[in-house]
Amino acid sequence: MPKRTTLRDIAQELQLSVSSVSLALRGHPRIPENTTEKVRQTAARLGYIYNRAAADLRRAESRLVAVCINDLSNPVFNEFLVQIEEELHSQDRAVFLGVARESAELQRQFLKTALEHGVSGIILCPVQGTGVADLDMLLPAGDGTAPVVPTAVFSRRIAAASLTQFVNDDPLTGRLAAGCVLDEGHRRIGWLGGGQATSTAQGRLAGCLALLSEAGLPPPQIRHGPTSRAFGRSAALDLLRGPEPPTALLCFSDLIAFGALAALRELGLRPGIDVSLVGCDDMDEAAFTAPGLTTVMVDKAGIGRSAARSLLEPPRPGVTVLAPRLIRRATVGPAPRA
């Protein structure tokens with residue numbers, strides 16, 4: 001293999017000290033501009049590549065931030081990841097990515113590997129069921145102590161954890177989804193929910209149930225299942241073929257709503273006319289369905305970027321809740337007459 005070009009090689013070429021070459025490549029004001037330009041040109045000609053790992057060792061710090069998400073097949077996590085990565089890039093940080101696939105063991109293995117690699121911080125969307133006991137590597141002395149590296153949790157809460165957390169107001173999300181169809185006169189409502197082991201699923205359904213109860217209405221017809229298009233399609237078909245088919249379907253996520261849209265097409269029903277449909281998250285795809293999907297927008301940029309910025313700030317354990325917003329499109333309309 002060819003020998004890697006070093007600072008010493010550049011210094012010998014220009015008859016400068018290694019420290020002067022290093023300062024010049026970093027644009028230090030102590031080095032004259034003409035010298036800095038010569039150093040940069042020589043470095044480019046010799047094929048010098050900056051050794052980030054060596055520099056981090058010299059400074060006793062890492063520029064890597066571990067980001068652990070659940071499922072790359074779910075577009076909402078990709079959208080969170082884009083916001084986090086862009087914010088970290090602006091801080092001259094790089095992402096060390098892990099995908100836990102809702103497995104506590106995969107999450108534990110990734111956290112262990114990240115800490116072994118000396119990451120400077122961790123941003124975590126916890127797998128379902130995660131508790132303080134699952135984070136013993138981050139909180140070795142228990143919940144009452146600071147994490148071993150700056151850590152931020154996003155999207156899903158971890159109850160009783162003394163960590164900085166940024167989440168959506170999920171109960172309000174459920175209320176906004178339900179209120180949208182109640183205002184249009186719908187009274188037979190179905191809820192297509194994700195699994196109930198996460199704070200997001202629990203909170204959104206709780207908000208929906210609370211608003212229906214306040215309106216004097218019975219609970220919706222509920223179907224629980226995985227957050228997928230396939231579940232949305234099958235659950236919607238099940239409810240709409242039943243003896244009391246709902247006139248409005250509320251979905252835990254847009255991904256489930258996309259599957260429900262497919263079910264409506266199979267049954268020859270018109271979204272927003274025969275059956276109203278509401279998603280949650282406002283994924284990029286939601287604006288481009290036919291017709292456009294009414295949904296409740298989660299502030300993915302606010303949540304993701306806040307989590308990334310918090311790693312550079314003094315620790316502030318606690319939960320920051322960001323407000324959602326209803327996005328009206330064409331899949332909601334007046335309740336059809338009996």
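Student: What makes a residue part of the lining of the largest pocket, and which residues lie nearest its centre?

Tutor: A pocket is an open set of points on a 1 Å grid over the protein atoms alone, where a 1.4 Å probe fits and protein lies on both sides within 12 Å along at least five of seven lines, and a lining residue has an atom within 4 Å of a point. The largest pocket has 26 such residues, and Asn74, Phe77, Arg156, Thr227 and Phe252 lie nearest its centre. This is a predicted model, in which local features need pLDDT of at least 70 and side-chain atom pairs count only at pLDDT 80 or more, while totals for chains, interfaces and linings use all residues. Residues are numbered from 1 along each chain as its sequence is written, and side-chain values use heavy atoms, with hydrogens and water left out.

Student: How many residues of each class line the largest pocket, and what space lies in it?

Tutor: Its lining has 12 polar, 8 nonpolar and 6 charged residues, where Ala, Val, Leu, Ile, Met, Phe, Trp, Tyr, Cys and Pro count as nonpolar, Asp, Glu, Lys and Arg as charged, and the others, Gly among them, as polar. The space in this pocket is about 360 Å³, a volume being the space filled by probe spheres set on grid points joined across faces, edges and corners. Helix 5 (75–90) and helix 8 (199–214) each give the lining at least two residues; helices (H or I, at least four residues) and strands (E, at least two) are DSSP runs numbered from the N terminus.

Student: Which residues are closest to the centre of the second largest pocket, and where does the largest share of its lining come from?

Tutor: The second largest pocket has a volume of about 280 Å³. Of its 20 lining residues, Thr151, Thr164, Pro315, Arg316 and Pro317 are the closest to the centre. Strand 11 provides the largest share, 3 residues, and strand 5 and strand 11 each supply at least two. By class, this lining divides into 11 nonpolar, 7 polar and 2 charged residues.

Student: What makes strand 4 and strand 5 a pair?

Tutor: Two strands pair if DSSP finds at least two bridges between them, and strand 4 and strand 5 have 3 in the parallel sense, so they meet the definition. Val153 has Gln165 as its bridge partner in strand 5, while Leu124 stands opposite Val153 in strand 4. Strand 3 (residues 121–124) is likewise joined to strand 4 (residues 151–154) by 3 bridges, running parallel, and Ile123 has Ala152 as its partner there. From strand 4, Thr151 and Val153 point one way and Ala152 and Phe154 the other way, all of them buried.

Student: Why does Glu87 count as buried, and which residues does Glu87 touch?

Tutor: Buried means under 20% relative accessible area, exposed over 50% and partly exposed in between (1.4 Å probe, protein chains only). Glu87 has 10% relative accessibility and therefore counts as buried. This residue is found in helix 5. Leaving aside residues up to four places away in sequence, Glu87 touches Arg305, Ala308 and Arg309, contact meaning heavy atoms within 4.5 Å. The C-alpha atoms of Glu87 and Ser306 are separated by 8.7 Å, although these residues are 219 residues apart along the chain.
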